[in-house]
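Subject: Structure for you to look at

Hello,

Please find the structure below. My notes on it follow.

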Amino acid sequence: MKNYLKATAWEVIEDGFFPEHNRITESLCSLGNGRMGQRGNFEEHYSGDTFSGNYIAGIYYPDKTRVGWWKNGYPEYFAKVLNAVNWIGIDVFIGNRQLDLNKMEILEFKRVLNMQEGVLTREFKAKFTDGPIVSVKVKRFCSMVDDECGAISYEIQSINFEGSICAFPTIDFDVVNEDSNYDEKFWKEVAKDTFGTTGWVHAATKKLDYQVCSGMKVSASLNGKDLNLDVLPSSERDKNVELMVETQVSPGDTFTIYKFAANVASINYDKSELSDRCLDRLEAISAKGFDRMLTEQKAAWAHKWERNDIIIEGDILAQQGIRFNIFQLNQTYTGADKRLNIGPKGFTGEKYGGSTYWDTEAYCIPFYLSTSPEQVSRNLLIYRHNQLGKAIENAEKLGFTAGAALYPMVTMNGEECHNEWEITFEEIHRNGAIAYAIYDYVRYTGDNLYLAEYGLDVLIGIARFWSQRIHFSGDKEKYVMLGVTGPNEYENNVNNNWYTNYIACWCLSYTMEAINQVLKTNPERWAEIADQNRFDMGETERWQSIVDNMYYPRDKVRSVYLQQDGFLDKELVPVASLDERHLPLNQKWSWDRILRSCYIKQADVLQGLYFFEDRFDKDEIRRNFDFYEPLTVHESSLSPCVHAILASGLGYEDKAYEMYLRTARLDLDDYNNDTDDGCHITSMAGTWMAVVKGFGGQRVYDDVLHFAPFIPKAWTKYSFKLSFRGAVLEISVDHENVKIEHLEGFNIECKLYEKQHSLKEGAVITHSKK
C-alpha cells in the first residue's frame with residue numbers, strides 16, 4: 001500500500017511532489033462531468049514519467065483483434081477507449097527557459113483534488129538551475145453545468161527575476177494511447193483555425209469517423225488587471241493549434257492566464273456544424289468568466305452531495321474513502337444521456353477497453369437507484385434493451401439460434417469486443433447480471449410497467465440462451481453446464497460453476513414469472529411481445545425441467561457449495577499461509593500456476609449468496625463464507641464489497657470493516673499496485689453498498705424497505721440518505737441509537753430490526769441500542 005497522500009474529509013492532497021508515484025496521483029486527481037474528463041496531468045510541459053489522458057464519452061476505436069490462433073466466434077475488434085484531445089496544455093517559458101518540474105529544484109509543491117467542489121488545484125514554487133524562482137497556482141475543472149466545457153486559471157508569479165513570461169495555450173489532437181501498437185495514432189485532422197484569442201481543431205477518428213471539434217479562448221491579467229489581447233500570435237502544425245501570450249514582469253508580479261475550452265462531438269451534432277457549435281460554447285463560457293463558472297460548479301456539486309453524501313465521524317480514512325468513491329461515480333456518469341454507460345476506468349485511464357461490463361448491472365445500478373432520480377437507473381437498463389439485437393447476433397456467432405441472446409462481456413455498441421477466449425466464450429454468467437438488474441430495479445422501484453415496456457424482451461432472449469447452453473447429463477441424470485468461467489477469473493474452462501448454474505436457473509424462473517405477470521396485467525402487450533419474439537409458451541416446459549433438475553456441485557462433508565466440479569482436487573492452502581512476496585498473484589505468478597491454484601480472485605459462490613441471500617439461511621451463508629473467504633486474494637476490485645456486505649450480515653464486524661477499508665481505499669492506497677493506469681470506477685459503487693447494504697443492513701423484501709444497522713468500532717457515527725419510491729430518508733447510526741427520518745416525499749413502509757413502521761414526511765423513528 002502507498003501512504004504518501006494526506007487523508008482529509010473532502011480532499012485528496014499530495015503535499016510535496018512524489019514523482020515516483022506521479023501516475024498514481026494523476027489517476028486519483030482525474031476530473032470529469034459525465035461528458036468528458038481527463039487525468040490529473042500537469043498543464044505545462046513535464047519531461048518526467050507521466051500518463052497523459054483526456055477522454056470524451058462514447059468515442060472509441062475498433063482496433064483489430066490480434067490473437068495467435070483465430071477461433072470461430074472471436075470478436076472482430078477490441079474497443080479502445082481513445083485518448084482524445086489534450087485541451088489542458090499551457091506551455092510556459094521564463095525568458096528562454098522552459099518550465100519543466102522534472103528539470104527544476106522544487107521548493108514547494110501541493111496538488112489537491114477538492115471533491116466537495118469538483119476542482120483540481122496545484123501550487124508549487126520552483127527554481128531554475130540558473131537562479132530564477134517562480135510560484136505557480138493552477139485551478140482546473142470540468143464544468144458540471146456546461147458539460148462540454150472546462151476552464152483553467154494558471155497563475156505565475158515572479159519571485160526574484162525581471163523579464164518575460166510567455167505562455168503557449170494549445171489544443172492538441174496529436175496524441176497516442178498508452179496501449180497503442182508501435183505508437184499508432186488514431187486521429188486525423190479535418191480542419192483548424194486561429195483568430196483573435198481563439199483557436200480550434202476539428203479532428204476525426206481513422207475508423208468509424210467519430211468527429212470532435214475542440215477549441216479554446218484565452219484571456220489574461222497582470223496583477224489582477226486585464227491585459228488587452230486583441231489578436232494573439234499563433235502557430236499551427238498537424239492536429240494542433242497554439243496561441244502565445246507574453247508579458248514583462250518584475251519580482252512580485254503575477255501573470256494569470258485563463259483558458260476556456262470546449263469539446264463538441266458528432267455523437268451529439270451534425271459533423272458540418274461542429275466548429276460553429278464549439279465556438280458558440282466558447283463564447284458562452286468566456287462571457288460568464290472563470291469566477292462565475294467556478295461558482296456554478298460549486299453549486300452543482302453541492303446539490304449532488306446534498307443527496308448522496310455519506311458522513312462518517314471518527315475515522316478520517318473511512319470518510320475520505322467513501323467520498324472519493326462517490327465523487328468518481330458522480331463525475332463519470334450523470335444519467336443525462338441514455339446512450340452512455342459506466343466504463344470500468346471512467347475518465348481515469350484506458351485499460352480494459354469498452355464502456356460497459358456486467359459491473360454496471362451488478363454494482364452500479366443499486367447506487368443510482370438510491371441516490372439519483374429513478375430515470376437514471378431506468379436509462380441504464382434501456383441501454384441494454386437497445387442492444388438486444390446485438391446480443392442475439394453475439395449468440396448467433398457462437399452457434400446459438402431462435403432468438404437466444406448473449407450480452408457481451410465488454411462492449412461499446414452491443415457487440416462483443418473482448419479478445420480473450422476464456423472471457424468471450426466462457427464468462428457467460430454476465431447474462432445473469434443483466435437479468436438480475438431488471439429484477440433489482442423492479443423490486444426497488446415497484447415499476448412493474450418496465451417489464452412490459454422493455455424488460456421482458458431481454459429476459460426471453462437471456463432465458464433462451466441458458467436453455468440452449470445447458471444440456472442433460474446421462475451420467476449425472478441432471479442438467480449441467482460445461483466449459484465456463486465464473487466470476488473467479490483465476491479458473492477457466494471449468495464444469496458446473498455453482499454460481500453460473502444457479503443464476504441461469506434463477507433467470508429461467510424469473511422470466512417465467514415475468515411472462516405470467518405481463519400476460520395477466522397487460523395481455524395486449526404480451527401478445528405483441530410473443531409475436532415480436534416468435535415465442536411459444538411450450539418453450540417454458542424445458543425451462544421448468546432445467547430448473548427442477550439442475551446439478552449443483554456440493555461438498556457434503558463441509559456442507560458447502562463447490563465453486564466447480566474439480567475444486568476439491570486443488571491444494572487448499574489459505575491466503576494467510578502465503579508469503580507476502582507472492583502477492584498480488586497476478587503480478588508475481590505465471591498464469592498456469594494461478595489456474596492450478598485454489599486462490600480466488602473475487603466472490604464467486606459468495607456472489608450468488610449475496611445476490612440471493614433471502615433464499616439461504618444464515619448458517620448456510622456462514623459455512624460458505626468461512627470456507628471461501630480465506631482462499632480469496634481480492635485481486636479484483638469487485639471483491640471486497642461483496643465480502644463486506646456478507647460479513648456484516650453474519651456479524652463478522654471486524655472482517656466487514658477490513659473489507660470496507662479495502663474497497664473504499666483500493667485506489668487511494670493502491671492496494672493492488674495498479675492505480676497508476678486508472679481508478680476502478682464501477683467497483684466504487686460497491687463501496688457505497690458496503691456502507692448502506694453492509695453496515696446499514698438495507699434490503700427490500702415484499703415492497704418494504706428493511707434496515708438492520710450496526711456501527712464499526714472505529715466510528716463514532718455515520719449517516720446516509722437514500723431515495724425509495726418517491727421518499728427520501730436519512731439514516732443516522734451511532735453506538736447508542738439508530739434514527740430514520742423521512743425528509744420528503746410519499747408515505748412508505750419501513751422495517752427497522754424487523755419492526756414495521758409507517759413513515760410519512762417529517763416522521764422520525766428512533767431505536768435505542770442499549
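What radius of gyration would a compact globule with 770 residues have, and what does the chain have? A globule of that length would be near 27 Å and the chain has 27 Å, which agrees. The radius is taken over C-alpha atoms, and the globule rule is 2.2 Å times the number of residues to the power 0.38.

This is a predicted model, in which local features need pLDDT of at least 70 and side-chain atom pairs count only at pLDDT 80 or more, while totals for chains, interfaces and linings use all residues. Residues are numbered from 1 along each chain as its sequence is written, and side-chain values use heavy atoms, without hydrogens and water.

The whole chain:
- The C-alpha atoms fill a box of roughly 85 × 60 × 55 Å along the principal axes.
- There are 20 helices and 35 strands, which are DSSP runs (helices H or I, at least four residues; strands E, at least two) numbered from the N terminus.
- Of the 770 residues, 63% are buried, meaning under 20% relative accessible area with a 1.4 Å probe, protein chains only.

Strand 22 (residues 254–265) has 11 of its 12 residues buried, so it is largely enclosed by the rest of the structure. Strand 13 (residues 149–158) runs antiparallel to strand 22 and is joined to it by 9 bridges. Strand 17 (residues 211–222) also pairs with strand 22 in the antiparallel sense, over 11 bridges. Pairing here requires at least two DSSP bridges between two strands. Tyr258 in strand 22 is the bridge partner of Ser153 and also of Ser219.

Regards

Terms used. Buried < 20%, exposed > 50% of the residue type's maximum accessible area, 1.4 Å probe, protein only.
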